[in-house]
Structures are given as C-alpha cells and as structure tokens.
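Here is a short report on one protein model. Look at the structure first, then read on.

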Amino acid sequence: MNAPVNAPKLHDCRDAFASTLERLAAENETIVAVCNDSVGSSKLGGFKSKFPDRLVNVGIAEQNMVGVGAGLANGGRLPYVCGASPFLTGRSLEQIKADISYSNANVKLVGISSGMAYGELGPTHHSIEDFAWTRVLPNLPVIAPCDRIETAAAVEWAASYNGPCFLRLSRVGVPDLLPEGHKFELGKANLLREGSDVTLIANGTLTHRMMKAADILAQRGIKARVLNLATVRPIDEDAIIAAAKETGAIVTAEEHSIFGGLGSAVAEVVVDNAPVPMTRLGVPGIYAPTGSAEFLLDEFGMAPSAIADAAQALIKRK
C-alpha cells in the first residue's frame with residue numbers, strides 16, 4: 001500500500017542512536033560499544049568500521065555482556081552496552097541489578113527493538129516487561145525517546161551523565177515530533193499539545209499515535225493535552241499532577257504490559273497526589289501473539305481512533 005501523499009517521513013531511531021554514538025566516539029576516545037552478536041540490529045556497523053578496537057562483541061551471552069560493560073566502566077571506559085531489549089533486560093536482570101545498579105557503574109544500557117518491534121518472532125522476542133524490570137532498580141534512569149531527535153539528544157545526554165541508565169529504543173519507524181536541536185532533560189516531560197478536557201500520555205512509538213488521537217478528538221470538539229513522558233524514572237511528577245488537576249482525566253498508552261510500565265508509573269503519581277479517572281492502554285497482562293508491531297498495537301486498542309474512543313469514554317467518568 002502506498003503511503004498518503006502528505007504522510008510524514010518515518011525514521012528508525014536506531015539510526016539516530018548509531019550516528020550520534022559515532023560522533024561522540026570521535027570526540028571521546030573512552031567511548032566503547034559492547035554487543036551480543038548484534039552489530040547489525042544495533043546499527044553498529046559504522047562504529048565497527050571507524051573504531052574496530054573499541055567494539056566488543058561478546059556473542060550471544062548477554063549476562064557476560066553486562067559484566068564486561070561494568071568491567072570496562074571500572075577501568076575508565078564509557079561503555080554503551082547494546083542488545084535486543086528482551087535479552088538485555090530479562091536474561092541479564094541479575095547482572096544489571098548487581099553490577100550496574102547496585103554498583104552505580106557508569107554504563108549506558110541500550111535496549112534495541114523494544115516493545116513488540118520483533119512482532120513476527122513471537123512472545124520470546126517481545127519486550128513488554130522491560131519498563132517494569134528496570135524502573136524498580138535504584139540509580140537507573142529509564143528513558144524511551146519518542147523520535148530520532150529525542151533519541152540523539154538522549155544518547156548525547158547519557159555520555160555526559162555520570163552513572164548508569166537504560167535507553168529503550170524501537171526499530172519501528174516514527175515521524176519527527178520534537179524540533180531539531182532539542183536538548184534532553186532527565187525527568188522532564190515534553191508538552192506536545194495544549195488541552196483542557198483530557199490528557200494523553202505516552203512515550204516511544206506510541207507518542208505519535210497519541211498526537212493522531214488528539215487530532216481525531218479535536219474533530220469531535222474535545223481538547224486533548226498530549227505529554228511525551230520519555231523518562232519513566234525519574235518521572236515528571238509536576239507535569240502529571242498539573243495534567244490531573246487541569247484536565248481531570250488521563251489516558252496512557254504504551255508498547256508494554258499495562259502492569260508495571262508507564263501507565264503504572266503515572267497512576268502511582270496520580271493516586272498519591274491528584275486522583276482522577278484514568279485509562280491505561282497497553283498489553284493486558286497476556287503474552288502478545290505473533291504479528292507485526294503495527295498489527296499488535298492496533299489489536300490491543302492503540303490505533304489512534306481507538307485511543308480517541310477510550311479518551312472520549314473516560315471523559316464521561318469525570
């Protein structure tokens with residue numbers, strides 16, 4: 001099917017990650033990349049060509065990969081540890097807890113192809129638990145950029161941040177939402193659209209779907225505020241509380257289980273500070289079936305029209 005004539009160009013955030021990392025590595029010789037036989041899927045081919053002695057490929061051994069990253073950080077290097085998110089997080093959670101989080105190691109964990117980006121490969125390759133696993137760990141900022149611009153800004157921020165972090169990147173194409181030159185601020189939400197009737201909150205691949213849902217709601221006479229909440233931990237409590245008090249209803253959407261992820265993090269803030277009706281859209285506590293990421297998001301009620309319907313129904317509960 002041909003794209004609509006005026007459709008925005010879609011970008012793979014992995015490209016922004018790779019090009020930014022290469023630029024930073026040219027400026028800082030301590031930067032190294034560590035991967036799990038994922039040079040191609042992590043888009044590290046250019047890095048390997050330019051800095052062959054600064055890429056460590058441990059093979060399919062994610063637990064060892066995290067340990068290698070921690071060791072390199074202890075030796076004064078600045079490692080970006082890259083791998084498919086379900087295996088980087090799930091398989092290596094103990095090492096991330098002990099070697100990275102507890103030790104406060106200066107390691108940048110980069111979960112590639114998160115959410116249901118590997119949709120056709122089935123539940124073993126879906127990464128719909130990684131928010132829950134990582135955001136519970138102390139000392140570990142959890143970040144899911146919404147577009148290539150925010151991805152580049154977050155990768156650059158990570159290089160200057162003295163401590164560990166987890167960057168959650170997808171391979172699903174998304175349009176630009178933030179302006180060129182955007183500077184990433186840890187723990188700060190981006191207000192993408194003003195609104196007074198309901199607030200739509202997302203990050204990663206769901207953010208542009210929220211913007212489309214807001215367009216649909218506007219056609220129905222409903223003014224929806226849209227927040228891009230890239231930082232899941234530490235979360236922007238002020239923006240969430242303001243949204244609750246000023247719009248009276250919140251819808252979250254995420255490429256993740258509805259348990260333990262973005263919606264849960266937002267709900268924790270809301271219930272403690274400004275209780276309002278909420279709807280949490282995501283994978284409803286099941287293993288997602290096999291299918292493309294776009295199909296699965298639609299299947300779980302996260303097509304823009306379905307998000308708009310959910311928001312309109314929620315407003316009636318105010």
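Pro234 sits in the loop between β10 and α9 (237-247). Helices (H or I, at least four residues) and strands (E, at least two) are DSSP runs, numbered from the N terminus. A cis peptide bond joins Arg233 to Pro234, with omega about -5 degrees. Another loop, between β1 and α2 (45-50), holds Lys43. Phi of Lys43 is near 60 degrees, a positive value in a residue other than glycine.

The model is predicted: local features need pLDDT of at least 70, side-chain atom pairs count only at pLDDT 80 or more, and totals for chains, interfaces and linings use all residues. Residues are numbered from 1 along each chain as its sequence is written, and side-chain values use heavy atoms, with hydrogens and water left out.

## The sheet

Strands of a sheet pair through backbone hydrogen bonds, either parallel or antiparallel. Here, 7 strands form an open sheet with mixed pairing, in the order β2-β1-β3-β4-β6-β5-β10. Its edge strands are β2 (55-57) and β10 (231-233), and each pairs on one side only. Two strands pair if DSSP finds at least two bridges between them. Strand β1 (residues 31-35) runs parallel to β2, over 3 bridges. Val34 has Val56 in β2 as its bridge partner.

## Where the domains meet

The domain assignment gives domain 1 (11-174) and domain 2 (190-316). Such bounds come from an automatic or database domain assignment. The table lists values for this pair of domains.

| Item | Value |
|---|---|
| Distance between C-alpha centres | 26 Å |
| Area buried between domain 1 and domain 2 | about 2400 Å² |
| Salt bridges between domain 1 and domain 2 | 1 salt bridge |
| Polar contacts, both residues at pLDDT 80 or more | 18 residue pairs |

Buried area is the accessible area (1.4 Å probe) that two parts lose on being put together, summed over both. Carbon and sulfur atoms give 59% of the area buried between the domains. Met116, Ile128 and Arg135 supply 31% of the area that domain 1 buries against domain 2, more than any other three residues.

A polar contact is a pair of N or O atoms within 3.5 Å; within protein, one must be able to donate a hydrogen and the other to accept it, and residues adjacent in sequence count only if both atoms are side-chain atoms. A salt bridge puts a side-chain nitrogen of Lys or Arg within 4 Å of a carboxyl oxygen of Asp or Glu. The side chains of Arg135 and Glu268 form one (2.8 Å, N to O).
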